[in-house]
Amino acid sequence: MSMWFFVNAFVFLFALWKVLSSSLGIHIILGGIGATFILYNWTRHAVFSTIRSNISRKRKIKFAKLSKKVLPFHKYTGTVALMFILGHAGVVLYYFGWQGTNVKMLSGLLTLIILIAMVFVGWLRFIRTTYRRRMIHLYLGYCLFFSVVTHLLCI
């Protein structure tokens with residue numbers, strides 16, 4: 001197993017703990033659902049890391065077949081994640097207004113910008129795949145993952 005499976009599981013459990021330990025406002029529920037979709041899509045990276053690791057050919061084939069079954073839904077789950085996060089951002093701005101000095105709000109804005117770019121490049125990859133778009137999508141994925149973690153860690 002790739003270390004990313006364990007990292008994803010830890011982040012998911014941490015996000016679940018954050019959601020359940022707070023008062024369940026609609027903005028928290030929307031953000032939690034959006035984060036779940038983001039982590040679900042990021043798990044594909046864990047699958048690909050496992051395939052590229054030093055494991056038996058039989059297990060590589062098993063993971064490749066699993067990944068092939070999930071592939072058609074990848075772009076749609078990313079788009080659904082964007083919709084939930086846009087709803088989360090809209091509700092947060094409605095209830096709390098813009099607070100430019102709030103670190104949680106700034107990290108959320110950064111995460112939203114990266115997610116928009118990620119979904120846009122993902123759809124461009126669907127239209128025409130190039131090495132450059134694949135690398136941009138991968139690096140945006142890393143940035144998105146770490147910005148989500150940063151947003152979760154902010155108080």
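Me: Contact here means heavy atoms within 4.5 Å. Leaving aside neighbours within four places in sequence, which residues is Phe 84 in contact with?
Reply: The model is a predicted one. Phe 84 belongs to helix α3. Once neighbours within four places in sequence are set aside, the contacts of Phe 84 are Leu 30, Ile 33, Gly 34 and Phe 37.

Me: Is Phe 84 buried, partly exposed or exposed?
Reply: The relative accessible area of Phe 84 is 26%. Buried requires a value under 20% and exposed a value over 50%, with partly exposed in between. Phe 84 is therefore partly exposed.

Me: How are α2 and α3 oriented to each other?
Reply: The two helices pack with their axes 7 Å apart, at an angle of about 155 degrees. Angles over 145 degrees count as roughly antiparallel. So α2 is, relative to α3, roughly antiparallel.

Me: What is the handedness of the crossing of α2 and α3?
Reply: α2 and α3 pack at an angle of about 155 degrees. Their crossing is left-handed.

Me: How far does helix α1 reach from its first C-alpha to its last?
Reply: Helix α1 covers residues 3-20, which is 18 residues. At 1.5 Å a residue, a span of 26 Å is expected, and the span in the model is close to that. From first C-alpha to last, α1 reaches 26 Å.

Me: Over what arc around the axis do the buried residues of α1 lie?
Reply: The buried residues of α1 are Trp 4, Phe 5, Asn 8, Val 11, Ala 15 and Val 19. They are on the same side of α1, because the arc they cover around the axis is only 135 degrees.

Me: Which exposed residues does α1 carry on the face turned away from its buried side?
Reply: The buried side of α1 packs against other helices, namely α2 (26-52), α3 (57-96) and α5 (131-153). The face turned away from that buried side carries exposed residues. These are Met 3, Phe 6, Phe 10, Leu 13, Trp 17 and Leu 20.

Me: Leaving aside neighbours within four places in sequence, which residues is Ser 49 in contact with?
Reply: Ser 49 is found in α2. With a relative accessible area of 17%, Ser 49 is buried. Apart from neighbours within four places in sequence, its contacts are Ser 2 and Trp 4.

Me: Is Ser 147 buried or exposed?
Reply: Ser 147 lies in α5. Not counting residues up to four places away in sequence, it touches Leu 110, Thr 111 and Ile 114. The relative accessible area of Ser 147 is 5%, and the cut-off is under 20%, so Ser 147 is buried.

Me: How far apart are the axes of α4 and α5?
Reply: Helix α4 (residues 103-127) packs with α5 at an angle of about 155 degrees. That angle makes α4 roughly antiparallel to α5. The crossing of the pair is left-handed. The axes of α4 and α5 are apart by 9 Å.

Me: Which residues of α4 make the contact with α3?
Reply: α3 and α4 pack at an angle of about 155 degrees, with their axes 10 Å apart, and are therefore roughly antiparallel to each other. α3 passes α4 in a left-handed crossing. On the α3 side the contact includes Lys 75, Tyr 76, Gly 78 and Thr 79. On the α4 side it is made by Met 105, Leu 112, Leu 115, Ile 116, Val 119, Trp 123 and Phe 126.

Me: Not counting residues up to four places away in sequence, which residues does Trp 123 touch?
Reply: Trp 123 is in α4 and counts as partly exposed, at 27% relative accessibility. With residues up to four places away not counted, Trp 123 touches Lys 75, Tyr 76 and Thr 79.

Me: How far apart in space are Lys 62 and Ile 51, C-alpha to C-alpha?
Reply: Lys 62 lies in α3. It is exposed, with a relative accessible area of 58%. Lys 62 and Ile 51 are 11 residues apart in sequence, and their C-alpha to C-alpha distance is 9.2 Å.

Note on methods
Residues are numbered from 1 along each chain as its sequence is written. This is a predicted model: local features need pLDDT of at least 70, side-chain atom pairs count only at pLDDT 80 or more; totals for chains, interfaces and linings use all residues. Side-chain values use heavy atoms; hydrogens and water are left out. Helices (H or I, at least four residues) and strands (E, at least two) are DSSP runs, numbered from the N terminus. The expected span of a helix is 1.5 Å times one less than its number of residues. Buried means under 20% relative accessible area, exposed over 50%, partly exposed in between (1.4 Å probe, protein chains only). The arc is that of the directions from the helix axis to the C-beta atoms. Axes are lines fitted to C-alpha atoms, for helices over the stretch in contact, and angles run from 0 to 180 degrees between N-to-C directions. Angles under 35 degrees count as roughly parallel, over 145 as roughly antiparallel, 65 to 115 as roughly perpendicular and the rest as oblique. A crossing is left-handed if the near helix is turned anticlockwise from the far one by less than a right angle, and right-handed if clockwise.
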